[in-house]
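User: I've got a structure open and want to go through it with you. Keep it short, please.

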Amino acid sequence: MEGMPELTPLQALAVAAAYVVMADKKALPEERASLVSLFGKHISRRELSSTQIQRMTADAFAYVAKYPFDKFLLSIEATLSPAQAIAVFMNMYETMIVDGNVVSREKELIEEFYRFFDIDRRVVNTAREIVMVKNDTSLFLRDDHPNNSRDFRFGFLDRMDLEA
């Protein structure tokens with residue numbers, strides 16, 4: 001898009017996560033940390049330096065302050081592969097739930113993203129279910145948690161059985 005910086009897929013991931021972090025107009029430490037930790041593995045692999053990650057993170061937040069989300073989506077439409085779009089969606093979702101407090105604007109951004117990229121609703125529901133269980137540490141604190149029962153099954157598996 002004219003006047004907007006061209007983003008790489010990795011930068012698009014950082015910016016998308018930053019939109020979710022800033023949805024409530026404030027960046028909590030655990031939200032910023034989740035964004036930095038998302039890219040931390042690239043330091044140990046020597047693919048990126050800590051300076052590059054710090055700059056990319058700072059640039060992502062500056063981008064969010066300057067450009068509306070709908071313009072961002074239009075600017076990355078041709079940048080992301082289908083798998084990258086799903087990965088961005090899942091990371092946005094995980095960023096949304098990391099602080100245990102979901103605000104409506106976070107949900108709206110994520111919904112706008114998956115609709116814009118036409119991500120199949122079954123993929124969206126499956127990804128949400130897996131990420132929710134993955135991040136639900138109360139599973140380890142409460143023996144009576146519903147997902148701790150011996151007959152726990154992911155709902156998407158039941159849906160797949162019905163489709164077969």
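Analyst: One term first. A helix here is a DSSP run of H or I with at least four residues, and helices are numbered from the N terminus. Also note that this is a predicted model.

User: Predicted, OK. What is the mean pLDDT of the protein?

Analyst: The mean pLDDT is 88. Of the residues, 94% reach 70 or more.

User: Where is confidence lowest, and where is it highest?

Analyst: Confidence is lowest in helix 8, with a mean of 61. It is highest in helix 4, residues 69–76, at 97.

User: On to aromatics. How many aromatic pairs does the structure hold?

Analyst: There are ten aromatic pairs. One of them is Phe89 with Tyr93, and that pair is tilted. The centres are 6.3 Å apart, and the planes make an angle of 40°.

User: How far apart are Phe89 and Tyr93 along helix 5?

Analyst: Phe89 and Tyr93 are four residues apart in helix 5, which runs over residues 82–97, so about one helical turn separates them.

User: Buried or exposed, those two, Phe89 and Tyr93?

Analyst: Phe89 is buried, and Tyr93 is too.

User: There's also Phe89 with Tyr114. Why is that pair given the geometry label it has?

Analyst: The Phe89 and Tyr114 planes are at 80°, so the pair is edge-to-face. The cut-off for that label is over 60 degrees. The ring centres of Phe89 and Tyr114 lie 5.8 Å apart.

User: Which helices does the pair of Phe89 and Tyr114 link?

Analyst: Phe89 sits in helix 5 and Tyr114 in helix 6, residues 104–116. The two are 25 residues apart, and the pair links distant parts of the chain. Phe89 and Tyr114 are both buried.

User: Which residues do ring pairs link into a cluster?

Analyst: The cluster is made of Tyr19, Tyr63, Tyr67, Phe69 and Phe72, linked by ring pairs.

User: Now the core. Which residues of the largest nonpolar core touch the most other members?

Analyst: Tyr19, Phe72, Met92 and Phe113 do. The core has 45 residues.

User: Which helices each supply at least two residues of this core?

Analyst: Helix 1 (9–21), helix 2 (29–44), helix 3 (50–66), helix 4, helix 5, helix 6 and helix 7 each do. Helix 1 gives the largest share, ten residues.

User: Back to Phe113. What is Phe113 in contact with, leaving aside neighbours within four places?

Analyst: Its contacts beyond those neighbours include Phe69, Leu73, Ile76, Val88, Phe89 and Met92. Leu80, Ala85 and Ile119 are also among them.

User: Which residues lie nearest its centre, and how many line the largest pocket?

Analyst: The lining has 15 residues. Nearest the centre are Gln11, Gln52, Arg55, Met56 and Asp59. Helix 1 and helix 3 are the elements that give two or more residues to the lining. Helix 3 supplies the largest share, seven residues.

User: Since you mention helix 3, what about Thr57? Is Thr57 buried or exposed?

Analyst: Thr57, in helix 3, has a relative accessible area of 7%, so Thr57 is buried. Setting aside neighbours within four places in sequence, Thr57 is in contact with Leu35 and Val36.

User: And helix 2? Where do Leu38 and Ile43 sit?

Analyst: Leu38 is in helix 2, and Ile43 is in helix 2 as well. Leu38 is buried, with a relative accessible area of 17%. Ile43 is partly exposed, with 36%.

User: How far apart in space are Ile43 and Ile53?

Analyst: Ile43 and Ile53 are 8.4 Å apart, C-alpha to C-alpha, and ten residues apart in sequence.

User: Last one, His145. Where is His145 found?

Analyst: His145 is in the loop between helix 7 (121–135) and helix 8 (155–163). At 8% relative accessibility, His145 counts as buried. Not counting residues up to four places away in sequence, His145 touches Asp136, Ser138 and Leu139.

Methods: Residues numbered from 1 in each chain as written. Predicted model: local features only at pLDDT ≥ 70, side-chain atom pairs only at ≥ 80, totals over all residues. Heavy atoms only, no water. Buried < 20%, exposed > 50% of the residue type's maximum accessible area, 1.4 Å probe, protein only. Contact = heavy atoms within 4.5 Å. pLDDT = per-residue confidence, 0-100. Phe/Tyr/Trp six-rings, centres within 6.5 Å; stacked < 30°, edge-to-face > 60°. Core = buried A, V, L, I, M, F, W, Y, C linked by side-chain atoms within 4.5 Å. 1 Å grid on protein atoms, 1.4 Å probe; cavity = no way out; pocket = protein on both sides within 12 Å on 5 of 7 lines; lining within 4 Å.
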